[in-house]
Amino acid sequence: MKSDIVQIVFVFIALVLAAALQDMSPAFGGAKPPFLQVFALYMATRRPPDAKERGVRPADGRHPQSWIWTAIAAGYMMESLSGLPWGCCIGFMLPACAIAHAARRFAADMPATTFGMTAAVLFAPLQEAWLDAWGVTGGGSAFVRFFASALPAAATGAALFFVLPGIERFAGLRGRVDT
């Protein structure tokens with residue numbers, strides 16, 4: 001129970017910080033760095049701890065579908081930050097995180113930063129196309145935003161996938177757990 005509360009608080013704080021960073025960041029070619037999207041992708045793709053990390057506990061304490069709630073929350077926060085219609089970003093984040101969750105097995109040998117950068121570079125332009133299909137881009141060229149979104153997404157994906165495992169270890173969510 002205590003571990004679940006710590007994990008929920010960690011995800012909540014991380015989502016709020018990601019939303020703040022995304023809102024404060026300047027737009028590059030009309031697209032902002034996708035901090036919320038990359039955090040949701042990280043939660044969907046994070047690898048379960050191995051037997052040495054688990055210690056006595058039989059599982060890592062997370063519910064296997066916790067990434068779904070993180071994707072919904074991240075999508076809702078993206079909608080709220082931009083004033084988009086309800087379901088617009090949630091409708092993108094759920095399938096994107098499901099695809100990333102399924103792809104994590106194929107990328108098991110890939111370094112986390114490379115996988116994060118690749119996932120962010122793939123999904124950020126797709127989200128720009130998704131927003132353009134919804135007609136909520138707010139003007140500007142969708143073509144420019146589609147290609148311009150890849151650069152900040154690559155930096156954001158590599159940075160967050162590099163930093164978040166260390167933050168999880170510092171918060172006690174990774175590492176040896178004896179209960």
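Which helices each supply at least two residues of the lining of the largest pocket? Select helix H1 (2-24), helix H4 (66-82) and helix H6 (112-134), and you have them. Helices here are DSSP runs (H or I, at least four residues), numbered from the N terminus.

Before going on, note that this is a predicted model, in which local features need pLDDT of at least 70 and side-chain atom pairs count only at pLDDT 80 or more, while totals for chains, interfaces and linings use all residues. Residues are numbered from 1 along each chain as its sequence is written, and side-chain values use heavy atoms, with hydrogens and water left out.

**Stop 1: the pocket**

Show Gln 22, Lys 32, Ser 82, Glu 128 and Leu 131, which lie nearest the centre of the largest pocket among its 19 lining residues. A pocket is an open set of points on a 1 Å grid over the protein atoms alone where a 1.4 Å probe fits, with protein on both sides within 12 Å along at least five of seven lines; lining residues have an atom within 4 Å of a point. About 460 Å³ of space lies inside, counted as the space filled by probe spheres set on the points. H6 gives the most to the lining, with 4 residues. By class, the lining has 9 nonpolar, 6 polar and 4 charged residues (Ala, Val, Leu, Ile, Met, Phe, Trp, Tyr, Cys and Pro count as nonpolar, Asp, Glu, Lys and Arg as charged, and the others, Gly among them, as polar).

**Stop 2: H2 on H8**

Now select H2 (residues 35-45) and H8 (residues 150-171), whose axes come within 10 Å and cross at roughly 55° (axes are lines fitted to C-alpha atoms over the stretch in contact, and angles run from 0 to 180 degrees between N-to-C directions). That makes H2 oblique to H8. Contact (heavy atoms within 4.5 Å) is made by residues including Phe 35, Phe 39 and Tyr 42 of H2 and Leu 160, Leu 164 and Glu 168 of H8. The residues of this contact divide into 9 nonpolar, 3 polar and 1 charged.

**Stop 3: H6 on H8**

Among the residues in contact are Phe 115, Met 117 and Val 121 of H6, and Ala 154, Phe 161 and Phe 162 of H8. Here the contact has 13 nonpolar, 3 polar and no charged residues.

**Stop 4: H2 on H6**

Finally, show H2 with H6, where Gln 37, Val 38, Leu 41 and Thr 45 in H2 meet residues of H6 including Ala 119, Phe 123 and Gln 127.

Technical notes. Parallel < 35°, antiparallel > 145°, perpendicular 65-115°, else oblique.
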